[in-house]
Amino acid sequence: MTREAAAGIRCGLGFFQGISVSSTPARYNFHETEARWQKVWNERQTFRAVMDRAKPKYYVLEMFPYPSGRIHMGHVRNYTQGDVIARYKRARGFNVLHPMGWDAFGLPAENAAMEKKVHPKKWTYENIATMKAQLKSMGLSLDWSRELATCDPTYYRHQQKMFLDFWKAGLAYRKEAWVNWDPVDNTVLANEQVIEGKGWRTGAPVERRKLTQWNLKITHFADELLSRLDTLERWPEKVRLMQANWIGKSRGARVFWDLTDASGADRGKLEIFTTRPDTLYGASFAALSPEHPIVSELARNDPGLERFVAECRKTGTAAAEVETAEKVGYKLPLLARHPLIPGKTMPVYAANFVLMEYGTGAIFGCPGHDERDHEFAAKYGLPILAVVAPADADPNAFSVTDAPFVEDGVIINSDFLNGLGVDDAKARVIARLEEMGVGKGTTQYRLRDWLVSRQRYWGCPIPAIHCEGCGIVPVPAKDLPVQLPDDVTFDRPGNPLDRHPTWKHVDCPKCGGPGRRETDTFDTFIDSSWYFDRFTSPGLETAPFDREENEYWMPVDQYIGGVEHAILHLLYSRFWTRAMREVQMTSRDEPFDGLFTQGMVCHETYKSSDGQWLLPEEVARDGAKVVRLSDKSPVEVGRSEKMSKSRKNVVDPDQIIRDYGADTARWFMLSDSPPERDLEWTEAGVTGAWRFQQRLFRIASTALEQVPPAGTPKPASFPDTATALRRAAHKAIAGVSADIEAFHFNKAVARLYELANTIDSVKVTDDATKWALREALEVFVRLIGPMTPHLAEELWQQLGHRSLLADSPWPVPEDALLVDDTVTVAVQLNGKLRGTIALPKDAPKDVAEAAALVLPELVRGLDGRTPKRVVVVPNRIVNVVI
RNA sequence: GCGGGCGUGGUGGAAUUGGUAGACACGCGAGAUUUAGGUUCUCGUGCCGCAAGGCGUGGGGGUUCAAGUCCCUCCGCCCGCACCA
């Protein structure tokens, strides 16, 4: 139909003129058109970005995809939004960088290797090829010359080098610690990757293991990562809050307690952390984590304690378990001396509710003013002392019985603190502890260092060598990259690198003796912590990036992706940038200036009568009911949820693009739902978007018959209908521009519908109106350019332009056309609408009042009564009060 | 439990600073053309009422000439964190 369509366009003017009722306008052939423009953009390298200091730069980036096999609707939504911004900024005169790459390391490739007997590398690169073709079919304005894949040694060699630099700078270290072990993926996980006690990928409850692992010192930047959040003004408040909570800064004190055994012999010191040093006089016990070194030591000679510790380890950390788990303790053969009350000692327990990871792994218990301590004290019959009383309570009579008092109040029963408020008491007691040398004020963070070792094959090798004599030795820079071996087997669980016959056996770079390569690989979140920097100089061999290029393009001006990365990827990237700053690779603090988190793409779910999930294409509406296509059996329709393979509520983007075209898919993604909210994918919505594309083509084709050629001089004056059309067009420019800037794509779409309706309904009578019609059409085509670029480019050509729309500037509205000279003013009686009146813009108040008072609807409502008062808001409202 | 968000027609959603609630779209209803390639066009469409009019933004209360918008209170849903001392 290529030839027919072209012919239809050429002779269209004559063909459609004086349309006989029976003629059907040619349909818009999106297949042919979309492919044609994609080819043109590609051949002309339209979207290739080149550093140019004469122009302001704009770096638009969408979170790069994991090459899982095929793109999904979430990608389509994400990349459509980014493309609107990229094309818009380009038209606004910015030098736009809009690159794409692949987050290509990760476990699914190894799982595929095990299940399908295909090498992870082959699987990954085949997926990349498929997905690249899919992305290309969307018509995105990407600079493909900068494409990268994180599994490429030319990428990860720089990552290894940076790691060595960080190591040298003290930002990377090995530590033995209790770690989260995912029993399904057979690897450790970072804290951020444990969601409600379960592995982020597998959903399997994590186990606790004690292992020596690589860590990156993210806590070194804890305070800065927190305080700089305030300056990220173009980030969603929600994400900043989530990061702040994750970092979890609290002010408090570390307090040292002397330990003795029953006979009073010295047994060392116990360090605890508390945010409530003001309640120190209410202490009645101390409790240690079952993983605390003191407990481990005692357990060696105490089988009962050993059993208790083992029992605690079994209890998961999942929310449900934690809530129901009873607080239990094991009394240790120790006593703790109160640091402020001479002669006072208290019992010491190992307790299941004390976490080794937070603070010092030890607490003092104050049952009067802490829920958990209260529960524990009640169970073990420990004293409950009241040391804070409500401001209005009698300090001599106040006591705590059934429930702890956790609110603000006045300190009682606490020696020199009595009568103080909680905050004052904290300051005073910290000062006293410091004077006495038994404690100090500190800041505690919830954030823990980033554990980056993974016991997996398909990841970036950690460039380190174990030597019996020299310990752990860095791989010399000249030997980088440490490449993954290709010849590996996946016939058994575990890390293939570990059992490779030769790979790990190397000489120690220091002593030349026999050494062993580190067989752990990096967490793939490292790969994605700097890829945006690499995009600024993708081919460079000598360094991760060229400093000059990097400083021109970075930071990312607009980053777009899912909110699920609010903590993980976004926090790690902020850390990595600071680590690079620490080793003088950059002077920047923050990688992402603006962040937008898009909502998910959802769809109804369908279940057959036998409980099987069904694909949307397997069901159909039959009147009010939904039935299975194969046998017409009834289908249970579930609520709309995020598209997922497990629930089968997925729609394949490829099929949509094939059936309706990329522009339709893009248009629908932008319509209706605000981009930050979830979008419900519906068949009706897609066909609606499709019909609009067809209608636009028809409107434009019809209008084209009437408009003067491009470049026709602007008439000296316009009749009212033409001015109205011009106003509509110029208001649309201003409105759509503001909407795109503010990420209100759904509103921009609504405005474009309005302009289309206006253009469609205009009656052309004279040359001036014809000129205005061309103007409106040109405006329209340019405004839809970022959203439906193929259709826009096609219509742009039909309007007689030789240049590409993609290279054309954004239209500029005429200020005079943005304001109306008459306004509709609402007339109210006691705040209730009675009618409207038309007034000249900025009419004086008395004119407005006079006009309102003769409005028949108002007169009827007044019913002869005299107004008490008339409120006039110019250009808006006249409210008559009786 | 802590932190945050949201609640508007049959549906998705509009509504700068308090100033005509429901833009735009879907759906639905009526009509017209064509009758089939996923048609197109016109009109209507918050609720009650024949109408005048009344009632309407989760419920209740308040401030104001005027409240979806501000304040108080209650209810519901969603997200994040969670035995963090």
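1. D415 is placed in the loop between β15 (410-411) and α14 (422-436); helices (H or I, at least four residues) and strands (E, at least two) are DSSP runs, numbered from the N terminus. The phi of D415 is positive, about 50 degrees, although D415 is not a glycine. With 52% relative accessibility, D415 counts as exposed, a term for over 50% relative accessible area, whereas buried means under 20% and partly exposed in between (1.4 Å probe, protein chains only).

2. The model is predicted: local features need pLDDT of at least 70, side-chain atom pairs count only at pLDDT 80 or more, and totals for chains, interfaces and linings use all residues. Residues are numbered from 1 along each chain as its sequence is written, chains are lettered from A and ligands numbered from 1 in the order in which they are written, and side-chain values use heavy atoms, with hydrogens and water left out.

3. K117 also has a positive phi, near 55 degrees, and is a residue other than glycine. Its loop runs between α5 (107-116) and α6 (120-136). K117 is exposed, at a relative accessible area of 70%.

4. L480 and P481 are joined by one, with omega about 0 degrees, and P481 sits in the loop between β20 (471-474) and α15 (496-499). M554 and P555 are likewise joined by a cis peptide bond, with omega about 0 degrees; P555 lies in the loop between α18 (547-553) and β24 (558-562).

5. Leaving aside residues up to four places away in sequence, Q243 touches L229, W235, A566, I567, L570, L571 and R574, where contact means heavy atoms within 4.5 Å.

6. Helix α11 (residues 303-314) has twelve residues and spans 17 Å from its first C-alpha to its last, close to the 16 Å expected at 1.5 Å a residue; the expected span is 1.5 Å times one less than the number of residues. At the start of α11, a side-chain oxygen of D302 comes within 3.1 Å of the backbone nitrogen of G304.

7. Which residues of α11 are buried? They are G304, L305, F308, V309 and C312. These residues cover an arc of only 135 degrees around the axis, which puts them on the same side of α11; the arc is that of the directions from the helix axis to the C-beta atoms. An α-helix has 3.6 residues a turn, so residues three or four places apart point the same way. The cover over the buried residues of α11 includes α10 (293-299), β11 (329-337) and β12 (345-351). On the face turned away from the buried side are the exposed residues P303, R307 and K314.

8. There are three cavities of 30 Å³ or more, a cavity being a set of points on a 1 Å grid over the protein atoms alone where a 1.4 Å probe fits but cannot get out. The largest cavity holds about 150 Å³ of space. It is lined by 14 residues, of which R87, A91, G785, L805 and A806 are the closest to its centre; lining residues have an atom within 4 Å of a point. Both α4 (73-91) and α26 (789-798) supply at least two residues of this lining, and α4 gives the most, with three residues.

Definitions and conventions:
Polar contact = N/O pair within 3.5 Å; in protein donor to acceptor, adjacent residues only side chain to side chain. 1 Å grid on protein atoms, 1.4 Å probe; cavity = no way out; pocket = protein on both sides within 12 Å on 5 of 7 lines; lining within 4 Å. Points joined across faces, edges and corners; volume = space filled by probe spheres on them.
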